[in-house]
Amino acid sequence: MLWKLERVPEPEVMDESSEVEAYASAAAQAYLERIDRTFVTHVARLFPAGDPRLVRGLALDVGCGPGQIPIMMAARWPGLRITGLDAAPAMIEQARKDAARARVAISFQVLRLGPHGEARLPFDDASFDLVTSNSVLHHVADPVAFFDEIARVAKREGGVLIRDVRRPSALAYPLHVRWFGRKYSGEMRRLYEASVHAAYTAGELRDLLTESRLNDGRSRVFRFRLTHLGIERAAA
Ligand SMILES: C[S@@+](CC[C@H](N)C(=O)[O-])C[C@H]1O[C@@H](n2cnc3c(N)ncnc32)[C@H](O)[C@@H]1O
């Protein structure tokens, strides 16, 4: 198709200091914070109001980067015991510093999920009430294995939220990144454009979900605004 934008995968691990700094820069963080809040609100919607699993359950955030999302979740649900993992040691170092500054207790670990790292995470089957992952999928070398492993470590009744940016058509791409990337500059702008180019479409994501063990009748592909999509599974 003429208007189809071919996917250009991004490197998996973000461990360049320029990447960590760009991501953690004040301007990018202020803008990202608003978007990240919508992620945490989405997590809340996956559970009935006041559900004890959010109040004192176990959560895992895969590809936590500098930790904004787990830190926000810890502030909202102080009894939730959260583990954040990322393949990049520099991201984990930043996450630990930011969590200490925010006075929240989160276990951050350097772990790389997938064919180039841990095919199996060091957690038992059905360990977590909630598994989240934000803005990671477009980096991942084997998305079906990624979903399979999330399905394995999540409790069967637990909630799952995997959200990412969305790849538009070739026609829409220039305007899409210009408008939705307008708050980013320099390295962060470059990273944003590359991530949109590396992202999946809703159709592609549906096909990947169908192939994976996360396809359990409760998980579904969702779209969020014009910019994001993902897989959500409400807690049962
Ligand atoms: C764009 S950042 C997103 C960070 C964070 N989740 C957020 O919302 O700000 C993507 C992160 O995923 C990590 N990552 C990519 N592939 C990974 C994998 N296979 N296992 C663990 N972390 C991974 C990268 O190192 C990077 O920190």
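Two strands count as paired when DSSP finds at least two bridges between them. Keep that in mind for the first stop on this tour of a predicted model.

**Stop 1: a strand pair.** Select β2 and residues 107-110, which make up strand β3: the two run parallel and pair over four bridges. Now pick T83 and look across to β3, where S107 sits opposite. To get from β2 to β3, trace the chain through helix α5, residues 89-101; this β-α-β crossover is right-handed.

**Stop 2: the ligand.** Show the 22 residues around the ligand, then highlight G63, G65, A87, A88 and N134, the ones that come nearest. Colour the shell by class and you'll get 11 nonpolar, eight polar and three charged residues.

**Stop 3: the core.** Next up is the largest nonpolar core, a set of 61 residues, where M73, V131, I150 and V160 have the most contacts inside it. Centre on M73: leaving aside residues up to four places away in sequence, M73 touches V40, V43, A59, L80 and I82.

**Stop 4: an arginine in a strand.** Jump to R233, in strand β7 (residues 228-233). Is R233 buried or exposed? Buried, because 23 other C-beta atoms lie within 10 Å, and the cut-off for that label is 20 or more. Beyond residues up to four places away in sequence, R233 touches G159, V160, R218 and S219; V160 is one of the core residues from the previous stop.

Notes:
Residues are numbered from 1 along each chain as its sequence is written. This is a predicted model: local features need pLDDT of at least 70, side-chain atom pairs count only at pLDDT 80 or more; totals for chains, interfaces and linings use all residues. A residue is near a molecule or strand if its C-beta atom, placed from the backbone, lies within 6 Å of it. Ala, Val, Leu, Ile, Met, Phe, Trp, Tyr, Cys and Pro count as nonpolar, Asp, Glu, Lys and Arg as charged, and the others, Gly among them, as polar. A crossover is right-handed if, with the strands pointing away from the viewer, the path from the first strand over the helix to the second runs clockwise. A nonpolar core is a set of buried Ala, Val, Leu, Ile, Met, Phe, Trp, Tyr and Cys residues joined through C-beta atoms within 7 Å. A residue is buried if 20 or more other C-beta atoms lie within 10 Å of its own, exposed if 12 or fewer, and partly exposed in between; C-beta atoms are placed from the backbone. Two residues are in contact if their C-beta atoms, placed from the backbone, lie within 7 Å.
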